[in-house]
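Please consult the sequence and the coordinates alongside the text.

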Amino acid sequence: MGCFISTPKDAVEYRRRPGKLGEVAVYVPGLRIPKSIDFYQHLNGSISTGLIERLSTLRTRVIVMTAQEAPIETKPLRKTATQHGGSTIADLLQALEDYLPVLLGLAKDGSEVKYKVKFVWINQEDDVEETTMSNVSYEILSILHLMATLCLSEANLLLLPKASVDISHSRTPEESRRAAIDILLKAAGYLEFAVRHVLPQIPPEERRNLPIDLAEGKLRALCMQALGQGVDLQLGLAIDSPKATLAVKRRLACEMVKCWQQAQDHITQLPLVDGWGQKHRLFIEWKYNEAKRNPPIWGSMKYLSEKIPKDVSSKVRINRDLYNQEKIMETAPSLPDFMIALKPDDYQLPPLDPSWSAGETNQLNI
């Protein structure tokens, strides 16, 4: 097993330094891009030629599609229709889901091939242009991170203003917000599984060489960002609903603060460099400050800042013997420490592809 870090010239063309991102509803980190590798060189004689060909074909498909998606992933209205009627994001997610069950065969318990292939990915947030590791768990971790990033991108596109050419133009704003919540929870599920079950399979000495993009703190920050934005959308839906009580809205507001606080705690511990990493840190700090009601305020927080004093004033008029004007004007008390009700999806890795062997039941070592 081993880990290599390098800065070759051919990685530069795929490494995107963000300029102006345009309108953003959900911050999306830069897509890490896999580089071509020779499965035959590493696996010839260890597994069948048919399996080597499948691994090579499926990974090449991912490489081509990711390289096409990465340069303009953050532009508005990126979710364009393909000749099959889907979207570029959906097609890339499907390509990853097709590749993963075949890849998992390299991670079986006792497999001698787990450390034979040198997997290479181009980084976006790390100082180092690309990272190479001879560990299939690194490849699985990179895939789950990419799947989560694509989900964040899809949620962002759902929440941006849409042109008539957009394939999702038939959705109402409320439907788009509800769909975005589901997608954000899916992203959080990928990230939580990666942190709990995949990252521990990489030895500590190798884990120190992972790029910032895949650092545990970064993965946890992205997970809490996804939950925080999901709660934010829930709060927006509650505000628009005449049936939602002020207590429900207040609880959601408190949960949102907690999500963004945890996201900020994780990301501030990372040695981020200029570019995607700094933009991500600033985005989380902005969302946390907005959620605390310290801002200039707008959106959901503006509504609550106006609604709560009105309700309090109404109670004062009704219960003048219990309140006085001086007490009402005091600084608001600390927010209650509610548990976060929104949870990541319970993601599990797909079953091992049958091509590895019919009726194979060996448990995967991840």
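Helices (H or I, at least four residues) and strands (E, at least two residues) are DSSP runs, numbered from the N terminus. The model is predicted: local features need pLDDT of at least 70, side-chain atom pairs count only at pLDDT 80 or more, and totals for chains, interfaces and linings use all residues. Residues are numbered from 1 along each chain as its sequence is written, and side-chain values use heavy atoms, with hydrogens and water left out.

**Overall fold**

Eleven helices and four strands make up the secondary structure of the protein chain. A residue is termed buried under 20% relative accessible area, exposed over 50%, and partly exposed in between (1.4 Å probe, protein chains only). Of the 366 residues, 51% count as buried. A contact requires heavy atoms within 4.5 Å. Among contacts in the protein chain with a separation of 6 or more, 78% involve residues 24 or more positions apart.

**Strand pairing**

Two strands pair if DSSP finds at least two bridges between them. Strand β3 pairs with β2 (residues 33-34) in the antiparallel sense over two bridges, and P34 has W121 of β3 as its bridge partner. Four bridges join β3 to β4, again in an antiparallel arrangement; here F119 is bridged to M133 of β4. Both faces of β3 are covered, with F119 and W121 buried on one side and V120 and I122 buried on the other.

**Selected residues**

D126 lies in the loop between β3 (119-122) and β4 (130-133). Its side chain reaches the backbone nitrogen of I212 at 2.7 Å, a polar contact being a pair of N or O atoms within 3.5 Å; within protein, one must be able to donate a hydrogen and the other to accept it, and residues adjacent in sequence count only if both atoms are side-chain atoms.

L100 belongs to helix α3 (residues 88-103). Leaving aside residues up to four places away in sequence, L100 touches I140, I143, Y347, L349 and P350. The C-alpha atoms of L100 and I143 are 8.0 Å apart, although 43 residues separate the two in sequence.

A disulfide is a pair of cysteine sulfur atoms within 2.5 Å. By this rule the count is zero. C223 is in no disulfide, and the nearest cysteine sulfur, that of C259, is 9.2 Å away.

| Residue | Relative accessibility |
|---|---|
| L100 | 1% |
| C254 | 4% |
| C223 | 9% |
| D126 | 13% |
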